[in-house]
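Visitor: Hi! I'm new to reading protein structures. Could you walk me through one?
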Amino acid sequence: MTSRSVSLCDVRLLSRSGCAVLLMVLGLGLARPAAAADEPDLIFRRSTVFKLMSPNDKLATYGVDDPEVEGVACHFTVPEKGGFKGWLGLAEEVSDISLACRQIGPIRFKNKLGQGDDMFSKRRSLFFKKMQIVRGCDAKRNVLVYMVYSDRLIEGSPKNSTSSVPIMPWGPTDAAIQKCGEFIQ
């Protein structure tokens, strides 16, 4: 009698697609964010749809500082699915995201930036959707422009929101206003 090892993805136990999904889920569970500072700050949540036996649907508002431009913060509100799928992290989140960015101190550019560079991104579904905040510069008006959108691996989403931050002096000691056009490559 010979002994035979059985792998997790033995064809008799799981279909090929089921095996692929299982391996992707296990791989995602091992992935960690680069640093805790990369996570946005939760400001508050508000329930929108009551569910008796599972978590409610909610709107959540988060704050995030621009990592490359000191003195700018953005706040965004995203819907969060409740129910058992939302609780398990399996729900497909919708693409409705609002955005507001403001100057919160003297603006200082840390490095040269590319027009349309990612400022922040966060996964919105288990596999395919990602929310992204990108930054650009309107050099003529000396205004930073931020846009939030969500994408899918297969098809894009036309839902988006835009916010602009005029670069202004901040207090009497901030006399030298930087020009965003000088920091865009």
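Guide: Happy to! Keep in mind that this model is predicted. Let's start with S161, which is buried, with a relative accessible area of 15%.

Visitor: Why does 15% count as buried?

Guide: S161 has a relative accessible area of 15%, and buried means under 20%, so S161 is called buried.

Visitor: Okay! Where is S161 found?

Guide: S161 sits in strand β8.

Visitor: And which residues does S161 touch?

Guide: Leaving out residues up to four places away in sequence, S161 touches I97, S98, L99, Y146, M147 and V148.

Visitor: You mentioned β8. Which sheet is that strand in?

Guide: β8 belongs to an open sheet of four strands, in the order β5-β6-β7-β8, with antiparallel pairing. The edge strands are β5 (117-123) and β8 (160-166), and each of these pairs on one side only. On average, neighbouring strands of this sheet are turned by 20 degrees against each other, ignoring direction.

Visitor: How many bridges join β5 to β6?

Guide: Six bridges join these two antiparallel strands. As one example, S121 has Q132 in β6 as its bridge partner.

Visitor: New topic: how many salt bridges are there?

Guide: The structure holds three salt bridges. One is between E80 and R45, whose closest N and O atoms are 2.7 Å apart. This pair links distant parts of the chain, with E80 in strand β3 (residues 69-80) and R45 in strand β1 (residues 41-49), 35 residues apart.

Visitor: What lets side chains like that pair up?

Guide: In general, side chains of opposite charge can pair when their charged atoms come close.

Visitor: What about D66? Which residue does its side chain meet in a salt bridge?

Guide: That would be R135, with an N to O distance of 2.8 Å. Here too the pair links distant parts of the chain: D66 lies in the loop between β2 (57-65) and β3, R135 lies in strand β6 (residues 130-138), and they are 69 residues apart. Both D66 and R135 are buried.

Visitor: And which residue does R141 pair with?

Guide: The side chain of R141 meets that of D138 in a salt bridge, at 3.0 Å from N to O. R141 is exposed, with a relative accessible area of 53%, whereas D138 is partly exposed at 21%.

Visitor: Can we look at N142 now? Where is it?

Guide: N142 is in the loop between β6 and β7 (143-151). It is buried, with a relative accessible area of 11%.

Visitor: What is the phi of N142 like?

Guide: Phi of N142 is near 55 degrees, which is a positive value in a residue other than glycine. For background, most residues other than glycine have a negative phi.

Visitor: One last stop: is V72 buried or exposed?

Guide: V72 is buried, with a relative accessible area of 1%. Its place is in strand β3.

Visitor: Which residues does V72 touch?

Guide: Not counting residues up to four places away in sequence, V72 touches D65, D66, R102, I104, I107, L144, Y146 and V165.

How values were computed. Residues are numbered from 1 along each chain as its sequence is written. This is a predicted model: local features need pLDDT of at least 70, side-chain atom pairs count only at pLDDT 80 or more; totals for chains, interfaces and linings use all residues. Side-chain values use heavy atoms; hydrogens and water are left out. A salt bridge is a side-chain nitrogen of Lys or Arg within 4 Å of a carboxyl oxygen of Asp or Glu. Buried means under 20% relative accessible area, exposed over 50%, partly exposed in between (1.4 Å probe, protein chains only). Two strands pair if DSSP finds at least two bridges between them. Axes are lines fitted to C-alpha atoms, for helices over the stretch in contact, and angles run from 0 to 180 degrees between N-to-C directions. Contact means heavy atoms within 4.5 Å.
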